[in-house]
Amino acid sequence: MADHIPLYPVRGAAAAAAASHKRAAYYSVAGPGPGADRRGRYQLEDESAHLDEMPLMMSEEGFENDESDYHTLPRARITRRKRGVEWFVCGGWKFLCASCCDWLVNVCQRKKELRARTVWLGCPEKCEEKHPRNSIKNQKYNVFTFIPGVLYEQFKFFLNLYFLVVSCSQFVPALKIGYLYTYWAPLGFVLAVTITREAIDEFRRFQRDKEMNSQLYSKLTVRGKVQVKSSDIQVGDLIIVEKNQRIPSDMVFLRTSEKAGSCFIRTDQLDGETDWKLKVAVSCTQRLPALGDLFSISAYVYAQKPQLDIHSFEGTFTREDSDPPIHESLSIENTLWASTVVASGTVIGVVIYTGKETRSVMNTSNPKNKVGLLDLELNQLTKALFLALVVLSVVMVTLQGFAGPWYRNLFRFLLLFSYIIPISLRVNLDMGKAAYGWMIMKDESIPGTVVRTSTIPEELGRLVYLLTDKTGTLTRNEMVFKRLHLGTVSYGTDTMDEIQSHVLNSYSQVHPPAGSSNPSSAPLRRTQASTPKVRKSVSSRIHEAVKAIALCHNVTPVYEARAGVAEETEFAEADQDFSDENRTYQASSPDEDIGPHALWSPQVALVRWTESVGLTLISRDLTSVQLKTPGGQVLTYCILQVFPFTSESKRMGIIVRDESSAEITFYMKGADVAMSTIVQYNDWLEEECGNMAREGLRTLVVAKRTLTEEQYQDFESRYSQAKLSIHDRALKVAAVVESLEREMELLCLTGVEDQLQADVRPTLEMLRNAGIKIWMLTGDKLETATCIAKSSHLVSRTQDIHVFRPVTSRGGAHLELNAFRRKHDCALVIPGDSLEVCLKYYEHEFVELACQCPAVVCCRCSPTQKAHIVTLLRQHTGRRTCAIGDGGNDVSMIQAADCGIGIEGKEGKQASLAADFSITQFRHIGRLLMVHGRNSYKRSAALGQFVMHRGLIISTMQVCNYLHHVPSVLFSIGPRCEAGNGNAIPRTLQRPH
């Protein structure tokens with residue numbers, strides 16, 4: 001792909017040994033001299049040293065030539081460090097200024113060291129340290145820093161600073177060449193407009209923060225429940241959070257109204273995954289009879305120090321007043337992070353982190369003032385014009401022969417020819433930007449668009465990289481079941497009625513209708529299970545596939561409380577309506593982790609599909625699951641074991657016992673790459689998986705294995721022993737489970753579609769044709785990201801996809817980069833962990849390789865990683881970047897980009913409020929960039945050229961007029977000159993009063 005970005009190629013052991021010998025000779029060929037003492041830099045002693053010291057930028061051809069040719073090969077690229085005056089002039093002064101500012105900020109803020117803490121339940125006064133207030137603050141300034149901050153942001157640019165110096169010079173009588181208002185009125189107007197705009201934006205941010213900080217929550221005290229504001233919550237408080245209410249701070253989950261002792265939360269504003277997460281309450285507090293008992297016990301939580309990682313937590317819960325004391329370990333499943341939303345039941349938690357120590361705030365970067373590239377270019381052009389102005393003024397003074405106070409005349413010439421850099425340039429550009437923003441918001445083709453940063457509309461027309469989120473941005477968060485393949489026959493959306501009829505016929509033969517009795521049904525099933533294998537009919541295969549899909553999942557049906565039923569206490573169980581119309585499904589941590597909203601997650605989509613064909617999930621708890629047949633009969637299955645999905649296994653399994661027949665069945669479903677080696681031999685699975693993937697469908701392979709009672713008992717004993725192991729517990733448990741995963745019967749292949757936003761494909765194609773490179777940054781898993789990249793045509797069908805293998809070391813990253821370098825016109829898919837390793841060791845090489853790809857997909861990215869990627873692209877390429885997202889996890893990325901666009905979607909308005917531009921649909925970005933962005937850039941460029949050309953024409957006329965009067969100035973002191981100054985500037989050249 002990038003032959004000019006050489007990385008050491010991967011070859012066999014013999015070739016590597018020969019290459020090692022050649023490299024040693026290459027670096028020693030220079031012999032003695034100034035470079036001899038640096039031999040240790042390239043010395044190759046062992047494999048680790050070889051990887052650490054290898055010159056990655058050496059060309060691959062270098063290692064394939066003879067030793068005699070090594071002296072002609074390019075050396076490893078080592079950037080020469082500038083020193084002294086050269087370093088200071090070429091940017092060192094900026095580095096020194098930034099370092100001094102950072103030092104002053106750190107001294108003023110005096111950030112304290114984060115430490116672990118002990119939190120007593122309901123006793124904030126027992127906290128050993130003072131913790132930050134639980135307030136949200138997105139404001140850039142306060143009352144004291146607003147005016148100085150705005151003025152600094154304006155006058156740090158040479159253009160504005162020049163106007164300020166020119167205006168201030170008019171207070172000196174000897175330099176005055178016009179009325180003060182001719183200089184200060186335009187400058188004051190520009191500053192007034194800027195300060196007013198910043199004040200309005202700051203006030204709006206203040207109002208949004210005040211609204212969030214004023215939300216009321218129920219706080220549990222010894223005297224009962226009291227209402228407190230979100231900003232008044234302290235570490236140690238017991239907070240009650242209702243269903244669909246935002247969690248105000250990081251808490252440990254103590255109690256819930258759900259009988260199972262667990263609840264679901266939505267984390268879309270934290271990590272971008274809109275599947276519901278299952279959280280488990282601390283068992284010690286969940287078992288307490290009443291809420292007031294939380295104050296009758298002496299208990300505390302030990303929590304680790306605040307950190308960025310939102311996927312891990314370590315702590316302990318201790319109850320001291322019991323004999324012996326109760327100790328429970330706490331993990332991520334016992335936590336409720338701030339900015340998440342309770343999706344089921346009512347929860348009570350003890351606050352452990354507040355304010356800027358919460359996970360959500362620590363993963364959010366501070367907003368910055370964005371400056372458009374056009375403004376930066378005008379600032380540089382102003383410097384060039386100023387040099388021309390100085391040269392012209394020196395020429396004028398030279399024509400006078402440096403007579404008299406020439407230095408004063410020089411400064412007056414600078415003022416006189418200041419039209420070359422007209423102050424009206426800023427006024428006209430600011431008014432033009434305001435007009436562009438107004439036209440964008442009034443465009444009926446993109447309704448609902450809001451311009452929140454009116455200073456950078458031209459950036460929309462100069463973008464090179466577009467970094468987009470996936471969930472809610474490219475997709476609708478709606479999963480639809482599209483395909484069922486049984487090997488010999490395939491069913492689509494238009495043939496689902498055939499599946500429904502097969503299911504109805506199969507259950508009407510095996511199970512009698514509800515209310516009738518058939519004692520021979522159970523023996524019939526035992527007989528069928530014991531008969532020798534024969535080729536099954538299509539009806540029986542559909543029956544087995546639908547039953548497997550209806551059982552193998554972790555979806556729970558939920559029935560809402562009936563309207564009008566009042567609860568006397570927070571945790572009283574309300575009457576519930578168990579009708580089909582009142583039933584909703586909740587899924588936690590889906591097996592594919594492709595989670596849109598829980599109502600439409602992949603697992604829920606499969607369960608809803610089984611309901612549509614006649615087999616309905618009506619109940620599930622930790623020990624059993626119940627299905628309702630088309631005839632109304634309820635089938636009960638006892639859950640014996642559940643093997644959850646993991647990123648390593650890429651599959652989930654469940655062992656159930658049919659209570660009517662006592663038959664034990666092991667069901668499993670997962671990705672085709674994991675299931676292909678588990679199921680029995682077949683000749684269609686790989687081909688059909690490829691076909692569905694090309695259609696943009698997400699595939700799941702479903703299989704089963706029937707177990708005898710003896711087989712299960714043997715497995716259970718080995719499984720229990722493995723779970724009790726102290727050393728290598730995970731490996732032993734996985735080995736026992738894998739003993740069951742052999743020669744499983746392949747039942748079916750399913751295809752689920754995550755529906756795309758309207759006109760996503762033509763919009764992405766249009767952006768690519770405009771020369772914009774598109775990167776997709778998502779928190780979902782690799783399979784999900786790859787599938788959406790294909791279905792949205794982010795990656796064309798003719799392009800290959802290089803999946804970057806997981807790497808944890810520098811050597812692994814080195815090998816993978818070499819493998820990737822040989823690919824041409826290939827899209828890159830890389831997980832976040834591997835990306836972190838590559839950026840740690842080979843940042844420059846990786847960015848250069850990735851920038852040459854037609855498309856890049858980064859999966860399992862944290863919010864800070866997204867922002868880091870945007871920053872790297874800006875620094876390494878120098879091109880304009882745009883980030884677009886719709887969730888709270890995209891805020892850091894949006895703020896780090898040169899231009900941030902937020903979408904108001906199902907994940908809330910947090911990204912929309914933090915963005916520079918807000919739209920309602922992804923397809924609107926096409927007109928926003930191609931029409932408004934392009935026109936804004938062209939108009940501002942033309943306006944800037946017009947104003948500058950006008951200033952040059954006026955200054956040229958002044959020079960010509962002066963040259964016309966030069967003889968009288970040089971050889972005579974006439975009435976045209978000012979009294980008392982024969983070398984003064986003619987009055988005819990002074991600005992009119």
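Reply: Helices here are DSSP runs of H or I with at least four residues, strands are E runs of at least two, and both are numbered from the N terminus. This is a predicted model, so local features need pLDDT of at least 70 and side-chain atom pairs count only at pLDDT 80 or more, while totals for chains, interfaces and linings use all residues. Residues are numbered from 1 along each chain as its sequence is written, and side-chain values use heavy atoms, with hydrogens and water left out.

The helix I'd pick is H10, residues 373-399. Its 27 residues reach 39 Å from the first C-alpha to the last, close to the 39 Å expected at 1.5 Å a residue (the expected span being 1.5 Å times one less than the number of residues). Quite a few of its residues are buried, including Leu374, Leu378, Thr382, Leu385 and Leu389 (buried is under 20% relative accessible area, exposed is over 50%, partly exposed is in between, with a 1.4 Å probe and protein chains only). Further along H10, Ser393, Met396 and Val397 are buried as well. An α-helix has 3.6 residues a turn, so residues three or four places apart point the same way. Just after H10, glycine 401 takes a positive phi of about 75°.

H10 also has a share in the surface. Val391, Val395, Leu399 and Leu963 make a nonpolar patch of about 310 Å², and three of its residues, the largest share, come from H10. (Patch members have over 30% relative accessible area and no salt bridge; nonpolar side chains, meaning Val, Leu, Ile, Met, Phe, Trp or Tyr, are joined within 5 Å, and like charges within 9 Å. The areas are Shrake-Rupley values with a 1.4 Å probe, and for residues only the protein chains shown count as cover.) Leucine 963 comes from helix H29, residues 924-971, and is partly exposed at 42% relative accessible area.

Now the strands. E6, residues 262-266, has five of its five residues buried, so it is largely enclosed by the rest of the structure. Ser262, Phe264 and Arg266 point one way from E6, Cys263 and Ile265 point the other way, and all are buried. E6 pairs with E7 (residues 276-280) in the antiparallel sense over five bridges, with arginine 266 opposite tryptophan 276. (Strands pair if DSSP finds at least two bridges between them.) E6 also pairs antiparallel with E12, residues 341-342, over two bridges, and there isoleucine 265 stands opposite valine 342.

Elsewhere there is an open sheet of nine strands, with antiparallel pairing and the order E17-E16-E26-E25-E24-E23-E22-E21-E20. Its edge strands are E17 (490-491) and E20 (616-620), each pairing on one side only. Within the sheet, E16 (residues 475-485) and E26 (residues 745-756) pair over seven bridges, and methionine 479 has aspartate 754 in E26 as its bridge partner.

On to charges: the structure holds 22 salt bridges (a side-chain nitrogen of Lys or Arg within 4 Å of a carboxyl oxygen of Asp or Glu). Arginine 657 lies in E23 (residues 651-658) and glutamate 709 in helix H19 (residues 709-723), 52 residues apart. Arginine 657 is partly exposed at 21% relative accessible area, and glutamate 709 is partly exposed at 33%.

Aspartate 890 and lysine 866 also meet, at 2.9 Å. Aspartate 890 sits in the loop between strand E31 (880-885) and helix H27 (891-896), while lysine 866 is in helix H26, residues 863-877. Both aspartate 890 and lysine 866 are buried. Another bridge runs between aspartate 237 and lysine 219 at 3.3 Å; the former is in the loop between E3 (224-229) and E4 (238-241), the latter in E2 (residues 216-221), 18 residues apart. Aspartate 237 counts as buried at 2% relative accessibility. Glu459, Arg874, Arg880 and Asp898 are linked in a network of salt bridges.

Last, the cysteines: a search of the whole structure finds zero disulfides (a disulfide being two cysteine sulfur atoms within 2.5 Å). Cysteine 284 is buried at 3% relative accessible area, and cysteine 552 is buried at 1%.
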